[in-house]
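Subject: The structure for you to look at

Hi there,

Here is the structure I promised to pass on. Please open it next to this email and follow along as you read.

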Amino acid sequence: MEKRPRPTRRVRDARIADTIVTACAQRGVTESMETIRELPVLPVRNTVVLPGMVLPLFVDRDPALQAVEAASANDQTILLVAQRSEQTSDPLPGDIYTVGAECSINRVLRMPDGASSVLVHGLRRFRITNWLHETPFGRVRGISYAEAASTSDQTEALARTALGYFEKCTRLSQRLNEDMYVQALNVSPAGELADFIIAQLEPALPIRQEFLEIFDPQERLRKTCLLLLRELNVLEIEGKIQADVQREIDRGQREFYLREQMKVIQQELGEHDPALREISELRERIEAAGMPAEVQTRALRELARLEAMPSMAPEYSVLRNYLDWLIMLPWSVASRDNLNLSHVADVLDAHHFGLEKVKERILEFLAIRKLAPEGRAPILCLVGPPGVGKTSLGRSVAEAMGRTFVRVSLGGVRDEAEIRGHRRTYVSALPGRILQSMKLAKTVNPVFVLDEIDKLASDFRGDPAAALLEVLDPEQNNSFSDHFLEAPYDLSKVFFILTANVLDTIPAPLRDRMEIIEVPGYTEEEKTQIAQQFLIPRQMRDTGLNSSRIEIDESAVRRIIREYTFEAGVRGLDRELGAIMRRVAKRIAEGRRHKANVTSVRVPAYLGPQKYFPTEAEEADQVGVATGLAWTAAGGDLTTVEVMALPGRGSMQLTGQLGDVMKESAQAALTFTRARAQVLGLPALFHETNDIHVHLPSASIPKDGPSAGVTMAIAIMSALSGRPVRRDVAMTGEVTLRGRVLPVGGIKEKVLAAHRAGIHTIVLPRRNLKDLDEVTPDIRAQLSFAPVESMDEVIAVALRQTADIGEMTSAPRSGALTRGAVRPSRPLSESLPPSGRVARPRARRDVIVAS
């Protein structure tokens, strides 16, 4: 018996397909025919192939090349399926869709780089049922759907509707043409018509994949009609927009053409209208100024008024001046910030010595600007004594950042119009100083220094400080309103730096809008470094000298600082150095060519006798004489409190031009002394039998402030008890009726003054210990600090015991403080001040403030 050969898989699939077709025919199903096939898989990216499409593909992945070669070798079709993500380089079965297109390979071209160009033709839809293998290339088994013609009325209606919409789209779209519509007329059956139209519309990949997965021809036609209707609406809107744009372009071209004709006609007639030419130039400048739309509309409206107005009209010059200001203001021109932090730090260090807090804040601003370019610009207020470099720091910041620098001095300004400008109804009206400076800056983001803001004044014409609230408020200055301009101007990109000597005269609402940075006075060491690095080289350049003609010794600089200047800054030092340079330049001009070596001994020969005599510690312990510490606009200083008790009727006299606060401190000190009479060994009725006279030397200088309270209390107790006050102890602090010692300000300056005067021990409020961090370690190591909270602690440190009165020496007693130590009246862990407001000095100009 002969054994029949077993049929191959391809023969079996063909038989199964014939069986399915026969069964469908018997049931009257004619829409589609299903065939089970096994095909190699070619995943594609950014493409969905529809039946009927012919397109080239570039294949460069090895599995895909092997799939193409396998299909070509067996004259077999291939399955093209879209990837779910185009980022996947080696897709797995889960990375591709389950419905694709069975395609025939029409042509394969080998490229020089190893890739292949494959021309494929989509035949029918294919649904994957299972994967046969994934390597070396994917091969799947699935169902291939071949569509048959459908002749139902509904299908015909949908096809005609789709063709009608497609015809309208080809007329409105620049991408579609009438040839595509002609091709669509010749496509049948209806399902292939839907595929053809979708292929021409090229919707998004998910929409095309969704369309590929619809097997019902009627449903595909219905979805095609919806997509065509949406595309038609978009094309109509696009056409309307293009028509509006073209109309505007045509109008502009027509105006330009007419103006050019007018110019030619005037040239031919020899007529040149200056007014017409001026209006034309103004219009061009307005359009090129980069104004906001609101401001530009206003400017063009005012220009139309100017054009219709006779040049001899009184308002003509006012309107012309207004338009000139609008045009000349910077609206959109901004300088580019230099965000190299190391470069900015080098520039700041090259121009200024010290000022570490200010420099650090500038670098923080630039760092934020680098990370968040649209962040707000800070509003800094530098507060410190004169001559410490507050104003010049603004110029250095502008140079370091690459911005324009402008400065406005507010000292003595008392008219609100200086800030906001005058209204145009006034003759010769102008914008305020803010906009005038912005015009000079020519950029919208300059470094803007408002100098001496603490010296603003006010009268019946308004309060300039109130007008500055809008300028310095980040929530409002993006639409600053000037009375002259009458249009919002954006100041939010301006870097404002304000300077002041004191804070007390700045209104609280204005102070609340600023970030306050205190700039302290320079120490002697800092002044010496500034003189050698900055002042002396600059004075040499100004006077035409060099190092071969003059040399100023460091000891000479220190003597000038101590004996010829008394200031917190370096302006006086700069003047004295300039005087020396001028004397040397004069001698050189007279023919004396020798080099001038300025030493400490030679300073009086150039500058004359000593000008200032710094306060020094007392030579011996004395009764009724205590040494206090004061803060002044020129830095710290020692102040002596002298008290004398005389037989009398209990009156108290205060001399030395004391202020109200200081007088009240003396009264509080006397009351506390009466409360401690028994402890101090005083008679119970001493206040009725003795007159007390309190005097502070330098009577010509006004004095005020609360920090002399401790000093006056110790001097009063010493005068009444006969116990001398230690001469090497200086003290500061506010005293209350209960004998509590409250914190004060200016600790750094006071410590430096005590160090210069040879003081060994400083008594200060315990809550001021934190302020010692501002003092350099080398100076702290040479001093002893006694932090106190009550007058009993001050008495123990400052007054000598009765047994020690005979000694009257300055040697430290047993248990006295050592240098660099803090008197351990409490553990240092308890030395930090409790939460609460720290008293700040109330300063007046030309007033010594014991604060």
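How many nonpolar, polar and charged residues does the lining of the largest cavity have, by class? Keep that in mind while you get your bearings, and please remember that this is a predicted model.

**The cavities**

The structure holds 2 cavities of 30 Å³ or more. In the largest cavity there is about 40 Å³ of space. To find it, select Glu618, Ala620, Asp621, Gln622, Val625, Ala626, Thr627, Val725, Arg726 and Arg727, which line this cavity. Now for the reply to my opening question: the lining of the largest cavity has 4 nonpolar, 2 polar and 4 charged residues.

The second largest cavity contains about 30 Å³ of space. Its lining is made up of Val584, Arg587, Ile588, Arg592, His594, Ala596 and Tyr606. Sorted by class, the lining of the second largest cavity comes to 4 nonpolar, 1 polar and 2 charged residues. Which helix gives the most to this lining? That is helix H20 (residues 571-589), with 3 residues.

**A parallel sheet**

Next, have a look at the open sheet of 5 strands, where the pairing is parallel. Going across the sheet, the strand order is S8-S9-S12-S7-S13. Strand S8 (405-409) and strand S13 (515-518) are the edge strands, and each of them pairs on one side only. On average, neighbouring strands of this sheet are turned by 20° against each other, direction ignored.

As background, strands of a sheet pair through backbone hydrogen bonds, and the pairing can be either parallel or antiparallel.

**Antiparallel pairs around S5**

For the antiparallel kind, go to strand S5 (residues 116-133), which pairs with strand S2 (residues 54-59) over 6 bridges. Here Val59 has Ser116 of S5 as its bridge partner.

S5 also pairs in the antiparallel sense with strand S4 (residues 99-110), over 11 bridges. One of the residues to check is Leu109, with Ser117 as its bridge partner in S5. S4 and S5 form a hairpin with 5 residues between the strands, and in this hairpin Gly114 takes a positive phi near 95°.

Strand S6 (residues 139-147) runs antiparallel to S5 as well, and 7 bridges join the two. In this pair, Arg125 has Tyr145 in S6 as its bridge partner. A hairpin through 5 residues joins S5 to S6.

**Two helix pairs**

Finally, here are two pairs of helices. The axes of helix H4 (residues 178-185) and helix H5 (residues 190-201) come within 10 Å and cross at roughly 165°. Angles over 145 degrees count as roughly antiparallel, so H4 and H5 are roughly antiparallel to each other. The crossing in which H4 passes H5 is right-handed.

The other pair is helix H18 (residues 524-543) and helix H19 (residues 554-563), with axes that come within 10 Å and cross at roughly 120°. This angle makes H18 and H19 oblique to each other. H18 passes H19 in a right-handed crossing too.

Enjoy exploring, and write back with any questions!

Best wishes

Technical notes. Residues are numbered from 1 along each chain as its sequence is written. This is a predicted model: local features need pLDDT of at least 70, side-chain atom pairs count only at pLDDT 80 or more; totals for chains, interfaces and linings use all residues. Side-chain values use heavy atoms; hydrogens and water are left out. Two strands pair if DSSP finds at least two bridges between them. Helices (H or I, at least four residues) and strands (E, at least two) are DSSP runs, numbered from the N terminus. Axes are lines fitted to C-alpha atoms, for helices over the stretch in contact, and angles run from 0 to 180 degrees between N-to-C directions. On a 1 Å grid over the protein atoms alone, a cavity is a set of points where a 1.4 Å probe fits but cannot get out, and a pocket is an open set with protein on both sides within 12 Å along at least five of seven lines; lining residues have an atom within 4 Å of a point. Grid points are joined across faces, edges and corners, and a volume is the space filled by probe spheres set on the points. Ala, Val, Leu, Ile, Met, Phe, Trp, Tyr, Cys and Pro count as nonpolar, Asp, Glu, Lys and Arg as charged, and the others, Gly among them, as polar. Angles under 35 degrees count as roughly parallel, over 145 as roughly antiparallel, 65 to 115 as roughly perpendicular and the rest as oblique. A crossing is left-handed if the near helix is turned anticlockwise from the far one by less than a right angle, and right-handed if clockwise.
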